[in-house]
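Please look over the sequence and the model shown below before reading on.

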Amino acid sequence: MFTSSQLRLRTYIAYSYHKDMEVVAVVVVFLCVALIFFSKLLLLRKRFRRLQLRLPPGPPRWPLVGNLPQLGPRPHRDLARFCSIYGPIVYLRLGNVDAITTDDPDVIREILLRQDDAFASRPRTSAAVHLAYGCGDVALAPMGPGWKRMRRICMEHLLTTRRLDSFAAQRAQEAQHLVGLVWARAQAREPINLREVLGAFSMNNVTRMLLGKQCFGSESSGPSEATEFMRITHELFRLLGVIYLGDYLPFWRRFDPTGCERKMREVGERVDEFHQKIIEERKKGEKDMGGDDCKEEMDFVDVLLSLPGGNGKDHMEDVEIKALIQDMIAAATDTSAVTNEWAMAEVIRSPRILRKVQEELDTVVGRDRMVAESDLAHLSYLRCVVRETFRMHPAGPFLIPHESIVPTKLMGYDIPARTRVFINTHALGRNPRIWAEVDEFRPERHWPEEAGRRVEISHGPDFKILPFGAGKRKCPGAPLGTAMVLMGLARLFHSFDWAPPDGLRPEDIDTEEVYGMTMPKAQPLIAVAKPRLPPHLYC
Ligand code: HEM
C-alpha cells in the first residue's frame, strides 16, 4: 500500500515523464518539418539554378523519363535527326541523366581537344561495372589514377611500335591463313561468308599477340571452345551497346524486368572464367620472363604477368590483367572485323572501285608475290577506300560515351558536371553541311590535292572523320587496327576477283546496319571469290 505522499510523488513523476515526452515529440516533429522544408528549399534552389543555366536546345521532354521515349532501335539516327532540327549541340534529358550529342566537327574539336580535361571521363554504367571488372579496365574506366595507370601500361608495354613490329611475322601468317581459307572455298566453288572469315582473321591476329596462339585454326584449343569464346565475346559486345534503362531510371534496376542486368552479370562471369583459365594455365607453365631481349618475344599475357603491381606490389593483380586482356580482345577484334566487312561490301557493290583497287595493287605489288605490310603505305587508293568506309560506316555509331567532370561552357552553352556526351560519328560522316552526296561511296573524295602525299586514315585537323577518336581517350590501338584492316583488304582484293552470289547484282548487296557498340551490316556479307594470282602463291 502506498501512503498519500508516495502517491503524490508517483503522480508527479508520471506527469513530468509525459510532459518530457511531449517536449521530445514536439522537437522531433519540428526537426522533421525543418528537414523537409530545407530539403525542398535546396531542391527548389537547384531547380532555380538549372532554370538559370543556358542549356543547349533540344527536343521537348516527358516528365520523369525525359527524352528516353524518343529513342528507337537506331538511336544514332534519332540523335542525328535532333541535330538537323536543333543545331550542332543538342541537350537531352535521359531519365535523371543530363546528356548532349553532336555531329559537328567544330564542337567535337572543342570537346576532344580544347576541353579534353573537362570531358575525358566515362560514365559508370551497369555494363561497365558488370562487364569490365567494375570499370577497372582502360576503355570504360572513369578518369582517375586507375585509368591513367592502365592506359600507361597499354602505351608503354603492350602497344609500342617495337612490340607491334615483333608480331609482324605472325600477322603475315594470319593474312596467308585468310587467303588460304578463301582459296579453299573458291576451289570448291562455295560462296563465302565474309563475316566469318574476317572475324576469325581479326580474332586470330589479336589472340596471337595476346596469348601467343590462334583462336581459330591448327593452334586453337579446339573448335568448340573457340566458337564459345567468340559467341560470348559477341554477347559481351551486344550488352555493352545496349541502352539499359536502369542507367537512367534508378528504380528500374530494382526490378530489372527485362533481365538485362542479370544477363550482364552472367556474361561477365562467363567471360571471367575464360580469362582466369588463361592466367592460371600461364602461371602453371611458368615461362621464363627474364632479360630485355626475351621481353620482345613475349606475348601480352607474359608481359602483364612480368610487370610490377600498383602500390609497390611485386605483380599486377589478376583482376587487372583480366581487365586488360578483355579490353584488348573487345576493342581490337570486332572493330577491325566490322570495318573490313563494310569495306568489302561497298567495294563489291561497285565493280568500278574494285577494278581501281586491283589496278593499284598490280602496279605497287605486281602479280608474282603477295602483299606485304611494307606495301600498305603506298596503296593510296586502298587507303581512300578505308577512309571512305570509316566516313560511312564508322566501327561504332558513337565514340565510347564521354562524361564531363566539372561544369563548363561549350559554344556559349552551360554544360553541367556529369553530363553524358554522345559524339555521333555515324552522323558526322553523313552530315550534309560537311559532305556532298553523303550516301554515295566515293573513295576519290579523299584523294590528296597535293600529289604524292600519304593518305592518312586517322582524323586530320578538320575533324571531318573520326575513326579512332582524339585527345586523351584516343584509341591506343589505332596503328595496329589500321594495319589489320589494310592488310586484310589488300590480300583479299589482290588475290581474288569478287562478285555477289549467283542471281544477285552488285547493287543488290544491302547496306542496312544494326545498332550496337560496334555497328555491323544487318546481314552477313556473302560473296563468291575467283583466284587471280598464280596457284603456288595460295598454298
Ligand atoms: C579498326 C580498328 C579500331 C577502331 C576503328 C577503333 C576505334 C576506337 C574508338 C572510336 C575508340 C573510342 C575513342 C573515344 O572514346 O574517344 C577506341 C578506344 C580504344 N581502343 Fe580502339 N579501335 C580499333 C582498334 C583497336 C585495337 C587494335 C586496340 C588494341 C589492341 C584498341 C584498343 C582501344 C582501347 C584500349 C580504347 C580505350 C581508350 C581509352 O578509353 O583510354 N583499339 N577505339
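Predicted model: local features only at pLDDT ≥ 70, side-chain atom pairs only at ≥ 80, totals over all residues.

## Helix 19

Helix 19 is mostly covered, since 16 of its 18 residues are buried, where a residue counts as buried if 20 or more other C-beta atoms lie within 10 Å of its own, as exposed if 12 or fewer do, and as partly exposed in between, with C-beta atoms placed from the backbone. Helices (H or I, at least four residues) and strands (E, at least two) are DSSP runs, numbered from the N terminus.

Residues are numbered from 1 along each chain as its sequence is written.

## The shell around the ligand

The ligand is surrounded by 26 residues, the closest being Ala332, Gly469, Cys475, Gly477 and Gly481; a residue is near a molecule or strand if its C-beta atom, placed from the backbone, lies within 6 Å of it. Helix 6 (145–158), helix 15 (318–349) and helix 19 (478–495) are the elements that give two or more residues to this shell, and helix 15 gives the most, with seven residues. By class, the shell holds 15 nonpolar, seven polar and four charged residues, with Ala, Val, Leu, Ile, Met, Phe, Trp, Tyr, Cys and Pro counted as nonpolar, Asp, Glu, Lys and Arg as charged, and the others, Gly among them, as polar.

Cys475 lies in the loop between helix 18 (425–429) and helix 19, and UniProt, in an unreviewed entry, places the feature "binding site" at Cys475. UniProt positions are given in the numbering used here, feature names are shortened, and annotations may be inferred rather than shown by experiment. Cys475 is buried, with 22 other C-beta atoms within 10 Å, and, leaving aside its neighbours within four places in sequence, Cys475 is in contact with Phe468, Gly469 and Gly481; contact requires that the C-beta atoms of two residues, placed from the backbone, lie within 7 Å.

An open sheet of three strands has the order 3-9-8 with antiparallel pairing, two strands being paired if DSSP finds at least two bridges between them. Strand 3 (192–193) and strand 8 (496–499) stand at the edges, each with a single partner strand, so one side of each is left without a neighbour in the sheet. Strand 8 pairs with strand 9 (residues 526–531) in the antiparallel sense over four bridges, and Ala529 in strand 9 is the bridge partner of Trp498.

A second open sheet is formed by four strands in the order 1-2-7-4, with mixed pairing. Its edges are strand 1 (89–94) and strand 4 (402–403), each with a single partner strand, so one side of each lacks a neighbour in the sheet. Strand 1 and strand 2 (residues 97–102) run antiparallel and are joined by six bridges, with Ala99 in strand 2 as the bridge partner of Leu92.

## The chain as a whole

The secondary structure of the chain comes to 19 helices and nine strands, and the C-alpha trace spans about 125 × 60 × 45 Å along its principal axes. Of the 539 residues, 39% are buried. An unreviewed UniProt entry places the feature "transmembrane region" at residues 23–44, a span that is 100% helix and 0% strand, with its end C-alpha atoms 31 Å apart.
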